[in-house]
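Work through the following exercises with the sequence and the model side by side.

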Amino acid sequence: MKNSKPYPYPPLARRLFGVWFRHMRVYTKNIFSNGLPPFLEPLIFLAGVGLGLGKYITQSMEGLTYIEFLGTGLLMTAAMFTASFECTFGTFIRMEFEKVYDGMLAAPITANNLIIGEIIWAGTKGFFFSFAVLCVLTCFGIISLPRGLLAPFIGFFTGLMFSVMALLVTSFVRTINHFNFYFSGFISPMFFFSGVVFPISNLPAYIRPFAEIIPLTHSVRLTRAVCAGQYNMYLLLDMLYIIAFILVIGFFAVKRLKKRLVF
Amino acid sequence: MTQFAITVKDISKSFGKVNAVRDLSFEVEADTCYGFLGPNGAGKTTMMKMLYGKCTRGENGSINVLGYDPASDELAIKYLSGVVPQDNNLDDELDVISNLMVYSRFYALPRKAATSRIDYLLGFMELSDKRTARIRELSGGMQRRLIIARALMNNPKLLILDEPTTGLDPQVRHLIWDKLRQLKRHGTTILITTHYMEEAFALCDTILIMDKGAGMLRGSPAELLAKNVEKHVLEITGSHSLEAIADGAILQKLRIDRTQETTRVYCDDDQLLRSLTGRLEGAHYFLRQTNLEDVFLKATGRALNEKQ
């Protein structure tokens, strides 16, 4: 049989959109249980700091009050956690337990399309979770608005960074319990050593280079600069780091995970 | 000239040290139903997955599906085919209609066209009253029908089904067979794997019996029976000594297949078999025409392999 039409299938953008749309539909199906916690979590965090811990911390950090300092950090940790969960446990369950990917790969979607769609979706969740934190911070007057609106976009890129990292880890994992190592060995330390809860300049000199290597540091620095409206040339390095991280880790993540899907 | 929907030449595939498919070649004529029959681990599923790019293939050989090579044009093949995988893989979190709507996006069907197509498919698979049901509320048979409906989303030229009726009750099985016959009549080429001999007999124009990754026998169901197995079989339950009832001259005309509890005596001459039954005092026996199962057991052997 010969077919004359050279490309009788949807173009790349439509294929990626198809994957994204699937995730969106599943996520919004339980809009209440999925949509509310991103708003509650920062609320609880800020309440804890504002009502209790904050009283003990009177020193300003990088020119910000403690609640401003922590709040701008939380914009990014929210994106980090959601993208990390989505592309570790979420991806693993879809791949191994629910077999959702097998169904999707029978449609005109390649394994690469599927994985990249997954990454874009994790970025979208990063955007949404940052946005939720932004709403809470704005309500409490911790952030002033027009400037803060850029934060969810950085959240998007933070989501991309942590999804490619998570997918790379997922490509190695054989049983779902192994993710515990990733979360307690990599994600949790990230929370403390990337300038979210205290400035990295307060870290001992020998740990500081380590803080510069890990991805969250760069997202947090960018976000604070954007929220405070204090730009400098070094931020370009942070942006460069983020782009390079996504491309390099993403390349290996796609390559390795593809072998789990098509073998 | 005969048109082939699928042409496979000398394909092999191994996973580590396991040779899943060995040097397999076959051709599927357009608008026919082709069946893979074989024990578990025979390589049926692997061969099917290689057709739509879910499995990579070994270095040698060639595959052509609907005019495309899956190694370079996976997307075109997937766009023109529908796949019903062995495991149910619906989105549990979505209801019936959302499952299909999400899937229609993969083919970039416009919303309106998708809606009417989905209405038609739910009607076709007799699921119209389950539109808003959650997947977990569906019986196994309904889930299977929904997966077939999903595979038909883009009006495929080729429908690939991996054990579509395993574990279903006879009513659902017959309903699915009916639908598949209808599809074939309207110009869909069907490739199916099954363990059920009667399913292969009922649906397939051509059957390929596979074992250990290789093709053992092929032909139409009638041909397979005529060429490969005697016309009749006498099944005797219990341990009976055949030698006691049949002398050497008769034994030469018989093919005997023994398991622990059953002896099967194959012969073209049913009169001869009938005369033997007279001497089987008190034994349980059953004289019948041979069927595909006899061909299958003869071709693939009785011993279990490590995957069964």
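**Exercise 1.** In what order do the 3 strands of the open sheet in chain B lie, and with which pairing?

Solution. The order is E2-E1-E4 in chain B, and the pairing is antiparallel, where strands (E, at least two residues) and helices (H or I, at least four) are DSSP runs numbered from the N terminus, and two strands pair if DSSP finds at least two bridges between them. The edges of the sheet are strand E2 (18–29) and strand E4 (62–65) of chain B, each of which pairs on one side only. Neighbouring strands are turned against each other by 20° on average, direction ignored. Strand E1 (residues 4–15) of chain B joins E2(B) in the antiparallel sense over 8 bridges, and Val8(B) stands opposite Phe26(B) in E2(B).

The model is predicted, with local features requiring pLDDT of at least 70 and side-chain atom pairs pLDDT 80 or more, whereas totals for chains, interfaces and linings use all residues. Residues are numbered from 1 along each chain as its sequence is written, and chains are lettered from A and ligands numbered from 1 in the order in which they are written.

**Exercise 2.** Describe how helix H8 (residues 151–172) and helix H12 (residues 234–261) of chain A pack.

Solution. Two packed helices are described by the angle between their axes and the distance between the axes. For H8(A) and H12(A) the angle is about 35° and the axes are 8 Å apart; axes are lines fitted to C-alpha atoms, for helices over the stretch in contact, and angles run from 0 to 180 degrees between N-to-C directions. The crossing is left-handed, meaning that the near helix is turned anticlockwise from the far one by less than a right angle. Among the residues that meet are Phe157(A) and Leu160(A) in H8(A), and Ile242(A) and Phe245(A) in H12(A), contact being defined by C-beta atoms, placed from the backbone, within 7 Å. By class, this contact has 14 nonpolar, 3 polar and 2 charged residues (nonpolar: Ala, Val, Leu, Ile, Met, Phe, Trp, Tyr, Cys and Pro; charged: Asp, Glu, Lys and Arg; polar: the others, Gly among them).

**Exercise 3.** Which element of chain A gives the most residues to the side that touches chain B?

Solution. Begin with the whole contact, which takes 27 residues from chain A and 32 residues from chain B. On the side of chain A, the elements giving two or more residues are helix H1 (12–29) and helix H5 (100–105), and H1(A) gives the most, with 7 residues. The residues of this side divide into 15 nonpolar, 4 polar and 8 charged.

How values were computed
Two residues are in contact if their C-beta atoms, placed from the backbone, lie within 7 Å.
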